[in-house]
Structure formats: structure tokens, C-alpha cells
Amino acid sequence: LRDPRDVLVSFLHHDLRNGGFVFGMPAVKAKANELRERFLADDHLFKREPELLMSVDLYVRRAVEQMKFYAETNIKGIERSNRGELGAPLLVVRYEQLHADPDGERAKIYEFLGLDPSEAEPLDTSSKSRPGLEREDPAGMYRKGKTGSWRENFTPRAEAIFREVMGDTMAPLGYDLTGEW
């Protein structure tokens, strides 16, 4: 799992770069196309003006609604696993924990799989086995690789939309919306 706020920021970058999911919706495409054109012309646009990423309310809303669908699917899977309905155990791995303690989290994963963590290759950013990136690439598939960077892009309006759509979904995922944004 990953904090859905960070997922949203990554998704919007990816979607604007590729003209993907949300651009299949005519009402959203009409409103977000200018933003996409600006980003394609200047891949550092959101680095200089981070609030622009979430400046089109309808675009943000549709993206958050899609995220909610996936989040609810994850919640149902975790609940089914907790009730023993999947026929196999489930290990929930959080992206934030992978960043905080990559070796410890990897050991948990290996042990869960019945493998010996001491036999693993060293973690390395060049092989993408260590969380994070050596450098930021605003236009790349692997853009930033950080946790908590949603704070750079969320506007008060985007926060209100996110809370309205995802509010009841965050706690079951283990994320708190009651704290300071």
C-alpha cells in the first residue's frame, strides 16, 4: 500500500504525460488539456509551480474517484484475508515503511515467503531494489520515489475534494486524515 495522496500526485503526473485514463473522459479532457499541453512543453512546470498539478477540480475529482475504487478493492482483499477467505496469508507492505526501513521490510517479505533474507543481494537504487531514486525526473516513469511529497501539490481545494471522496476510505487503509495537512 501507498498513501493515496502520494498515489494521486504520481497518477496525475503519469496521466498528464501520457494522456491516459482521465483524458478518455471528454468533459475532463476539455478542462485539463491546456494543463497537459503546458506540462508536455515544460516537464519542470510542476516543480516550479506545484499548485498547478491540482488546479483543475474536475480532473482531480475524477482521478480521486478512480483511486477510491482501487482503494476499496484493496480494503476488501485485506478484510477477506483477515477472515481467512483467501486460502493463503496476505502480507500488507506499506511503501512508507519500505522507505523508513528497507532492510527490515525486505526481511519481513522474505520471511513471509519462506526465504532467507541473508541470501538476498544488497539493495541498490540503480537496480530499483532500494526505495527512492538517485535523482528526480519530472517527465520520467520513475519520477521521484519519495514519500509525503503530496504536501507540495495539494491545494486547499484539492484537499477538500480528496477529503470528500476518500475520507471514509483512508482509515481502513491505515492512513489518518485528521492531522494537519
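Why does Leu-91 count as partly exposed? Leu-91 counts as partly exposed because its relative accessibility is 31%; the class lies between buried (under 20% relative accessible area) and exposed (over 50%), with a 1.4 Å probe and protein chains only. The model is predicted: local features need pLDDT of at least 70, side-chain atom pairs count only at pLDDT 80 or more, and totals for chains, interfaces and linings use all residues. Residues are numbered from 1 along each chain as its sequence is written, and side-chain values use heavy atoms, without hydrogens and water.

Leu-91 sits in the loop between α4 (57–82) and α5 (95–100). Helices are DSSP runs (H or I, at least four residues), numbered from the N terminus. With Phe-112, Leu-113 and Leu-115, Leu-91 forms a nonpolar surface patch. Together they have about 350 Å² of accessible area, computed by the Shrake-Rupley method with a 1.4 Å probe, where only the protein chains shown count as cover for residues. Patch members have over 30% relative accessible area and no salt bridge, and nonpolar side chains (Val, Leu, Ile, Met, Phe, Trp, Tyr) are joined within 5 Å. A salt bridge is a side-chain nitrogen of Lys or Arg within 4 Å of a carboxyl oxygen of Asp or Glu.

Helix α2 covers residues 26–41. Its buried residues are Val-28, Ala-32, Leu-35, Arg-36 and Phe-39. Their cover includes α1 (4–18), α3 (45–48) and α4.

Glu-105 belongs to helix α6 (residues 102–112). Glu-105 counts as buried because its relative accessibility is 7%. Beyond its neighbours within four places in sequence, Glu-105 is in contact (heavy atoms within 4.5 Å) with Gln-97 and Leu-98.

Terms used. Patch = residues over 30% accessible without salt bridge, like charges linked within 9 Å, V, L, I, M, F, W, Y side chains within 5 Å. Helix = DSSP H or I, 4+ residues; strand = E, 2+ residues; numbered from the N terminus. Expected span 1.5 Å × (residues − 1).
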